Amino acid sequence: MLKKSLITLSSITLAVAALYGVYETELLYSKKVVTFDVSLKEISGIEFDKNNNFWAINDGGDDPNLYQVNKEGEVTKVITVTNAKNIDWEDMTQNDFGHFFLGDFGNNDNMRKWLTVYKIENPIDIKGNTTEAEIIKFMYPEQESYPPKPEDKRFDLEAFINYNDNLYLFTKSRTAPFDGNTHLYKIGDHAANYQAKRISQFHTCTTHEKLCWITSAAISPDRTKLVLLDSQRLWLFENWQGDDFFSGDAYQIDLGIITQKEAVTFYDDNTVVFTDEEFQGIGRNAYVLKLDEVEKKKLANDR
């Protein structure tokens, strides 16, 4: 009888897990709007320009290109940044004037001392297919060795925003053991060499590092909402004090099944667009969600 009961319980557990998997899959793919051209299989940063044209960049290994993409996911224009290299482009943001910032600051092994942001003019003002960038350099003053000890390996970076004429960086932890923290740093948004200033930190999760890594950031056009992206969630922040985005209200938004989600931006103050890279034939899509239509789990204020 006990064996039969265990078999029944196991069957129920498997059935519930299968149903949950279907739910999580539907939760993500109900938000899908387009699959991108295969040339964007490693899409790592996205933005809308002032005319609502959609732009994207690829991860490291691609040429230093910015891609304009239409509603069908087709590339309609390519702009090459002639004085740039794509060592590890990881995110893209813009300021109030529409200048784009391209973050070449991926640092998986924590071996890079000076990291780079390329600042270019508003893409709608670029008439041809090339442009030159203003070059912003920065380093972390807390990092004293390259690489640091495993427990201090927290200087990877894949996410940033522009806010009040500064760039704010959200690090990707690779500590061992994994601590699940993203550290907030600040640098200027014009050409210079900066010592990044640490402001605060936020704890995501420690269930598995690849589920907790922050891979992109975006701030709403009205500058009242910040979102951070990982492989299965959005982290939403509001009502912060000064420029410590972690000082106010924080919410968690479930995005469904785990995919390699790498880029996020706002279309308007209520609409978020995020994308995933292609991995083993899955991904290379864009998804749209409305913040007033999704379930938001409020987090404790001690984060």
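## Asparagine 285 and its polar contacts

The side chain of asparagine 285 makes a polar contact with the side chain of threonine 35, at 2.7 Å. Another polar contact joins the side chain of asparagine 285 to the side chain of tyrosine 287, at 3.1 Å. These values come from a predicted model.

Where does asparagine 285 sit? Asparagine 285 belongs to strand E22, which covers residues 285–290. Is asparagine 285 buried or exposed? Its relative accessible area is 3%. The cut-off for buried is under 20%, so asparagine 285 counts as buried.

Several residues touch asparagine 285, leaving out those up to four places away in sequence. Among them are Tyr29, Lys32, Val34 and Phe36. Phe274, Thr275 and Asp276 also touch asparagine 285. Alanine 191 is 94 residues from asparagine 285 along the chain. Their C-alpha atoms are separated by 34 Å.

## Threonine 215, a loop residue

Threonine 215 lies in a loop. Helix H2 (209–212) is on one side of this loop, and strand E16 (216–219) is on the other. Threonine 215 is buried, with a relative accessible area of 5%.

Which residues are in contact with threonine 215, beyond its neighbours within four places in sequence? They are Glu90, Glu158, Ala159, Leu229, Asp230, Lys261 and Glu262.

In soluble globular proteins, nonpolar side chains tend to be buried together. Here, the largest nonpolar core has 19 residues. Ile161, Phe170, Leu226, Leu228, Phe237 and Phe245 touch the most other members. Five named strands each supply at least two residues of this core: E11 (156–163), E12 (166–172), E16, E17 (225–229) and E18 (233–238). E11 gives the most, with 3 residues.

## The whole protein

The secondary structure comes to 2 helices and 23 strands. How compact is the protein? Its radius of gyration is 20 Å. The globule rule gives 19 Å for 303 residues, which is close, so the protein is as compact as a globular protein of that length. Along its principal axes, the C-alpha trace spans about 75 × 45 × 35 Å.

Of the 303 residues, 53% count as buried. The accessible surface comes to about 13900 Å². Carbon and sulfur atoms hold 51% of that surface.

Technical notes: Residues are numbered from 1 along each chain as its sequence is written. This is a predicted model: local features need pLDDT of at least 70, side-chain atom pairs count only at pLDDT 80 or more; totals for chains, interfaces and linings use all residues. Side-chain values use heavy atoms; hydrogens and water are left out. Helices (H or I, at least four residues) and strands (E, at least two) are DSSP runs, numbered from the N terminus. Buried means under 20% relative accessible area, exposed over 50%, partly exposed in between (1.4 Å probe, protein chains only). Contact means heavy atoms within 4.5 Å. A polar contact is a pair of N or O atoms within 3.5 Å; within protein, one must be able to donate a hydrogen and the other to accept it, and residues adjacent in sequence count only if both atoms are side-chain atoms. A nonpolar core is a set of buried Ala, Val, Leu, Ile, Met, Phe, Trp, Tyr and Cys residues joined through side-chain atoms within 4.5 Å. The radius of gyration is taken over C-alpha atoms; the globule rule is 2.2 Å times the number of residues to the power 0.38. Accessible areas come from the Shrake-Rupley method with a 1.4 Å probe; for residues, only the protein chains shown count as cover.
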